[in-house]
Amino acid sequence: MNAITNTQITDIVVDIFERTCFLIADEIENDDIAHFQSQIKWSSKIKYSGTHEGEIFVDASDGFLQELASCMLGVGTDEVDLEEEGVQACREITNIIAGSIILSIGGDHDEYKLGLPEKGTITRTGIGAECYLASSCGVVHVHWHPQVGEIEKAA
Amino acid sequence: MTCNVLIVDDSPILRKAITKVVKLAGIDEDHIHEAGNGQEALEIIDMVWIDLVLLDLNMPVMDGEEFAKALHERDDMDRVEIVIVSTESNQDRLDRMKQYGVVESLRKPFEPEDLCKLISRTLGVKT
């Protein structure tokens, strides 16, 4: 298994937002992370298994999910139903990010199996790699956690 | 274009996004069908002739590989073109699925333009 750094996960996630729905997001400076953390209200996670196992989390603010869903659907942010389309967008982007992360850690011949996206938990231990990004409307946090057991103990 | 396209993906928001791209490829909305898993897709295929299936793999109830296998085992269904649109990156699995009629695959994330071109190319070859 190849480990992933914070820089690599940032590059993966920025590329996915741009390619999937032309959403531009920039990395948040370390000093500003605490300020943005308080805006995060939503979390989605997906488990992977195979040669190794782990989880990928995507946490987001209201504004980010509204922008993400509006970009995916090609509608205005005021037309997005946050509880329905925002949550769907969060889960789908978690799925896409997880697919790219397991490709990075295993290559295209490792037999990894992705689970289905589900509701996540925002509080967790800090092992693995993560990135905080801000778009014009909100903030998103992506966290690769390489060991499932640690998360369940922490929850 | 009067071909029928079936989008099979458990994410409602992605089905909506893909529907937009399919329309850009020249398919009328009346000819675009949606299913949330393989089982629903088979039920639609029982009722409507489908020319192209855009298939996710990782789905509840019946996943994409099970669907493609079940479709391949039906009489006269080898004329249905299947394109995988999924996060799947395992080349061995993708190669394995060619025996079930999979003609191409597009890994998520994809640019809408890439999917549009792929649809036109696949249906162009068919017609």
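Predicted model: local features only at pLDDT ≥ 70, side-chain atom pairs only at ≥ 80, totals over all residues.

Colleague: How many residues has helix H1 of chain A, and what does it reach from its first C-alpha to its last?

Modeller: Helices (H or I, at least four residues) and strands (E, at least two) are DSSP runs, numbered from the N terminus. The expected span of a helix is 1.5 Å times one less than its number of residues. H1(A), residues 6-21, has 16 residues and reaches 23 Å, close to the 22 Å expected. Just after H1(A), Phe22(A) takes a positive phi of about 55°.

Colleague: Which residues of H1(A) are buried?

Modeller: A residue is buried if 20 or more other C-beta atoms lie within 10 Å of its own, exposed if 12 or fewer, and partly exposed in between, with C-beta atoms placed from the backbone. An α-helix has 3.6 residues a turn, so residues three or four places apart point the same way. In H1(A), the buried residues are Ile9(A), Ile12(A), Val13(A), Ile16(A), Phe17(A), Thr20(A) and Cys21(A). They line one face of the helix, because they fall within an arc of 130° seen down the axis of H1(A); the arc is that of the directions from the helix axis to the C-beta atoms. On the other side, Thr7(A) and Asp15(A) are exposed.

Colleague: How are two packed helices described?

Modeller: One gives the angle between their axes and the distance between the axes. Axes are lines fitted to C-alpha atoms, for helices over the stretch in contact, and angles run from 0 to 180 degrees between N-to-C directions. Here the axes of H3(A), residues 62-73, and H1(B), residues 12-24, come within 8 Å and cross at roughly 35°. Ala69(A), Met72(A) and Leu73(A) meet Ile13(B), Lys16(B) and Ala17(B), where contact requires C-beta atoms, placed from the backbone, within 7 Å.

Colleague: How many residues does each chain give to the contact of the two chains?

Modeller: Chain B gives 18 residues and chain A gives 22. The largest share of the side of chain B, six residues, comes from H1(B).

Colleague: Which residues have the most contacts inside the largest nonpolar core?

Modeller: A nonpolar core is a set of buried Ala, Val, Leu, Ile, Met, Phe, Trp, Tyr and Cys residues joined through C-beta atoms within 7 Å. The largest has 76 residues, and those with the most contacts inside it include Val13(A) and Val53(B). Helix H4(A), residues 82-106, gives the most to this core, with nine residues.

Note on methods: Residues numbered from 1 in each chain as written. Chains lettered and ligands numbered in written order.
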